[in-house]
Amino acid sequence: MMVFRVVLSRIAFSAFAALSGAFFALPMLWLLLAPFNARGTLAVEIPRPFTLANFERVFANTFAMQALVNSLILAGGTMALVTLVATLAAYALSRAEVPHYDLLTYGLILFSSVVTGTAAMVPIFLLANALGLVDTYLGVIMVFTGGLLPTAIFILRDFVEGLPRSYEESAMVSGASPWQMIWDVAMPLLRPGMMVVAIWTFVQVWGAFLIPFVLLRTPERMPAAVAIYSFYTEAGTPILTLTSAYALLYAIPVVILYLFVNARYGFRFFGGIKR
């Protein structure tokens with residue numbers, strides 16, 4: 001009886017794992033096949049006939065192609081700014097004697113999570129308008145940075161806490177200045193954590209729709225998350241052949257970034273130091 005229950009539980013687990021895998025794999029398989037299909041369909045099928053006409057029409061859409069460049073500017077700028085500021089802030093908060101350090105960190109994350117999305121867009125727009133940052137890349141980057149920075153600091157805090165203080169003390173004994181200690185000693189050891197924050201930030205901004213849609217007024221500055229709606233009909237239904245082709249192009253930069261960082265760092269961390 002016990003053996004029967006073990007076999008039955010393993011069969012049930014295997015069936016559940018197979019269904020879960022199919023649930024995530026089928027949409028990805030559709031994304032890989034649908035752009036090369038001459039007819040728009042939601043079915044996962046081998047393209048017959050195989051065609052590149054969908055990509056030709058997408059590349060001919062200058063608005064959509066410029067939107068990919070705009071997304072790279074917004075995501076890359078926010079990634080660099082958040083990674084740099086979060087690293088310096090996490091290092092300062094970890095090494096300085098800050099009263100109620102944990103409470104401060106959790107409070108920042110709480111407020112950045114509660115006051116977000118549509119609830120924050122009105123005051124954000126009014127503030128950006130008062131500063132003259134509406135319809136500018138800088139305005140969107142600053143808004144994204146302010147929203148993502150608390151969580152980025154929280155993520156990097158564990159990496160900084162895992163950095164042995166003896167390294168910094170040895171550098172100080174050798175005559176290193178505070179900036180040399182940060183850039184030459186701390187930064188190289190914190191690089192894996194910085195890469196984690198960089199990828200997380202890039203993905204968050206790359207797929208964002210609401211903030212650039214509200215703050216950017218010029219169509220030529222819209223990111224790809226907004227431009228993909230140019231492949232919709234006037235009735236609001238997507239043209240599957242073009243939408244799938246653009247979606248595949250839209251996903252490529254994130255996949256390349258992940259593969260590069262994974263090959264370089266492997267995401268094998270112990271505390272804040274790669275092992």
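Modeller: One definition before we start: rings of Phe, Tyr and Trp pair if their centres lie within 6.5 Å. With that in hand, Phe209, Phe213, Tyr229 and Tyr232 form one aromatic cluster. Keep in mind that this is a predicted model.

Colleague: How many aromatic pairs does the structure hold?

Modeller: There are eight aromatic pairs. One of them is Phe36 with Phe50, a stacked pair with 5.0 Å from centre to centre and 10° between the planes.

Colleague: Where in the chain do Phe36 and Phe50 sit?

Modeller: Both Phe36 and Phe50 are in the loop between α1 (2-33) and α2 (53-60), 14 residues apart.

Colleague: Is Phe50 buried or exposed?

Modeller: Phe50 is exposed, because its relative accessible area is 57% and the exposed class starts over 50%.

Colleague: New topic, charges. How many salt bridges does the structure hold?

Modeller: One salt bridge. Asp135 pairs with Arg221, and their closest N and O atoms are 3.6 Å apart.

Colleague: Is Asp135 buried or exposed? And what does Arg221 count as?

Modeller: Asp135 has a relative accessible area of 14%, so Asp135 is buried. Arg221 counts as partly exposed, at 31% relative accessibility.

Colleague: What about the surface, which residues make the nonpolar patch?

Modeller: Leu84, Val85, Trp179 and Trp183 make a nonpolar surface patch of about 400 Å². Helices α3 and α8 (178-206) are the elements that give two or more residues to that patch.

Colleague: Where does Trp183 sit, and in which element?

Modeller: Trp183 is in helix α8. At 42% relative accessibility, Trp183 is partly exposed.

Colleague: Which residues does Ala64 touch?

Modeller: Leaving out residues up to four places away in sequence, Ala64 touches Ala227, Phe231 and Tyr246. Then there's Met222: Ala64 and Met222 are 158 residues apart in sequence, yet 8.9 Å apart in space, C-alpha to C-alpha.

Colleague: Last thing, confidence. What is the mean pLDDT of the protein?

Modeller: The mean pLDDT is 82, and 89% of the residues reach 70 or more. Confidence is highest in helix α3 (residues 62-95), at a mean of 91.

Colleague: And where is confidence lowest?

Modeller: In strand β2 (residues 273-274), where the mean is 41. Over residues 268-275, pLDDT stays under 50. The model has 20 contacts beyond four places in sequence for that stretch.

Colleague: How should I treat coordinates where pLDDT is low?

Modeller: Where pLDDT is low, predicted coordinates should not be read in detail.

Note on methods. Residues numbered from 1 in each chain as written. Predicted model: local features only at pLDDT ≥ 70, side-chain atom pairs only at ≥ 80, totals over all residues. Heavy atoms only, no water. Phe/Tyr/Trp six-rings, centres within 6.5 Å; stacked < 30°, edge-to-face > 60°. Helix = DSSP H or I, 4+ residues; strand = E, 2+ residues; numbered from the N terminus. Buried < 20%, exposed > 50% of the residue type's maximum accessible area, 1.4 Å probe, protein only. pLDDT = per-residue confidence, 0-100. Contact = heavy atoms within 4.5 Å. Patch = residues over 30% accessible without salt bridge, like charges linked within 9 Å, V, L, I, M, F, W, Y side chains within 5 Å. Areas by Shrake-Rupley, 256 points an atom, 1.4 Å probe, with all protein chains shown as cover. Salt bridge = Lys/Arg side-chain N within 4 Å of Asp/Glu carboxyl O.
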